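Colleague: Let us walk through this one in short questions. I ask, you give the value or the name.

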Amino acid sequence: MRLAFLALAALPLLSGCFLSRSYTNDALAPEAIAALEPGRTTAAQVVDVLGAPAHVVELGERSAYLYEHRKMKRAGLLLFVITLLNEDVRSDRLWVFFDRNDRLTHFGATLSAERASYSLPFQDRE
Amino acid sequence: VKALFWVVVCSSLLSGCLSVGYRRAAALEEPAPEAVSRLVEGEAELGQCLAELGAPLYVWPLGDEGRDGAAIVYGWSLRKRWAFDVSLPITRDTSASFQWAGARSGLQGLVLFFDPQWKLLRTERGSLANLLPGEEDLYF
């Protein structure tokens, strides 16, 4: 009897669990990043392969483009009056830097969007 | 068991006027301290910094449209925030409400400043609200 009561009491507590995820832009292709060659690749070639950048920064006569794919995973628990949420946001980012002739001088990439994870409300992310 | 019963009953009755929320939000990742320590001010060049730290969150022009160089900005955050909201109907046309939320914490950041030849001048670390006033919410 006691067990049945506890089970019944626990049921509504679990009714508000949810997981969600959202993305911004497409994932960056590692092979496209590996093909970048400072001193050779031009801005036009970068745009041909990667598409329009998410952001362009003018640096005097030089410029830098940002490509970014962001992923958010959210886990939530609704317990009548209490809402508990845990969110993890990670991103793939690529910055490409060009000289005054629009030729690639530097680039830096971070690919970690796939590491976004679901966690319990008070749990540290992996 | 009795206490649990009353918690469930009271919570059910109050669910229309009382809410308590906890949000834990982690965003991006802090660059590895050992990688940062390998960057020598006055010697390191942009390529080495990008190789050690990966892509920054943002690139910031310095001076007149970047003619004085640029800063690259790494940011990350771990926000833990409680919030409390209660609303009570007083009469048919009036109600009283009270809201409270813990302080918001912004992005923490590491900013690398470069001269026009992409030589690392200095690094600064701390709250992006202090390092880049007015631009602390550039990511969110």
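Colleague: Which residue of chain B forms a salt bridge with Glu87(A)?

Modeller: The rule wants a side-chain nitrogen of Lys or Arg within 4 Å of a carboxyl oxygen of Asp or Glu. At Glu87(A) the closest N and O atoms of the bridge are 2.7 Å apart. The partner is Arg23(B).

Colleague: Which pLDDT is needed before side-chain atom pairs count?

Modeller: Residues are numbered from 1 along each chain as its sequence is written, chains are lettered from A and ligands numbered from 1 in the order written, and side-chain values use heavy atoms, without hydrogens and water. This is a predicted model, where totals for chains, interfaces and linings use all residues, local features need pLDDT of at least 70, and side-chain atom pairs count only at pLDDT 80 or more.

Colleague: How many residue pairs are in polar contact between chain B and chain A?

Modeller: A polar contact is a pair of N or O atoms within 3.5 Å; within protein, one must be able to donate a hydrogen and the other to accept it, and residues adjacent in sequence count only if both atoms are side-chain atoms. The rule for salt bridges finds 4 across this interface. The polar contact count, with both residues at pLDDT 80 or more, is 22 residue pairs.

Colleague: Which element gives the most to the side of chain B that touches chain A?

Modeller: Elements are DSSP runs numbered from the N terminus: helices (H or I) of at least four residues, strands (E) of at least two. On this side, α1 (2–14), β1 (18–27), α3 (46–53), β2 (58–61) and β3 each supply at least two residues. The most, 10 residues, comes from β1(B).

Colleague: How much area is buried between chain B and chain A?

Modeller: Interface size is often given as the accessible area lost when the parts come together. Here that loss uses a 1.4 Å probe and is summed over both parts. Contact (heavy atoms within 4.5 Å) takes 41 residues from chain B and 41 residues from chain A. Carbon and sulfur atoms give 59% of a buried area of about 3,500 Å².

Colleague: Which residues of chain B are in contact with Phe97(A)?

Modeller: Neighbours within four places in sequence are left aside. In chain A, the contacts of Phe97(A) include Leu59(A), Arg103(A) and His106(A). In chain B they are Leu46(B), Leu50(B), Val59(B), Ile72(B) and Trp118(B).

Colleague: Where does Arg100(A) lie, the partner of Glu61(A)?

Modeller: The two side chains meet in a salt bridge at 3.1 Å, N to O. The pair links distant parts of the chain, 39 residues apart. Glu61(A) is in the loop between β2 (55–59) and β3 (62–79) of chain A, and Arg100(A) is in the loop between β4 (82–98) and β5 (104–111).

Colleague: Is Glu68(A) buried or exposed?

Modeller: Buried means under 20% relative accessible area, exposed over 50%, partly exposed in between (1.4 Å probe, protein chains only). Glu68(A) forms a salt bridge with Arg70(A), with the closest N and O atoms 3.5 Å apart. Arg70(A) is partly exposed at 23%. Glu68(A) has 12%, so it counts as buried.

Colleague: What is the relative accessible area of Asp88(A)?

Modeller: Asp88(A) lies in strand β4 of chain A. Its side chain makes a polar contact with that of Arg90(A) at 3.3 Å. Not counting residues up to four places away in sequence, Asp88(A) touches Lys71(A), Arg115(A) and Ala26(B), among others. Asp88(A) is buried because its relative accessible area is 1%.

Colleague: What separates the C-alpha atoms of Ala54(A) and Tyr67(A)?

Modeller: Ala54(A) lies in the loop between α3 (43–50) and β2 of chain A. It counts as partly exposed, at 46% relative accessibility. Tyr67(A) is 13 residues away along the chain, and the C-alpha separation is 5.4 Å.

Terms used. Buried area is the accessible area (1.4 Å probe) that two parts lose on being put together, summed over both.
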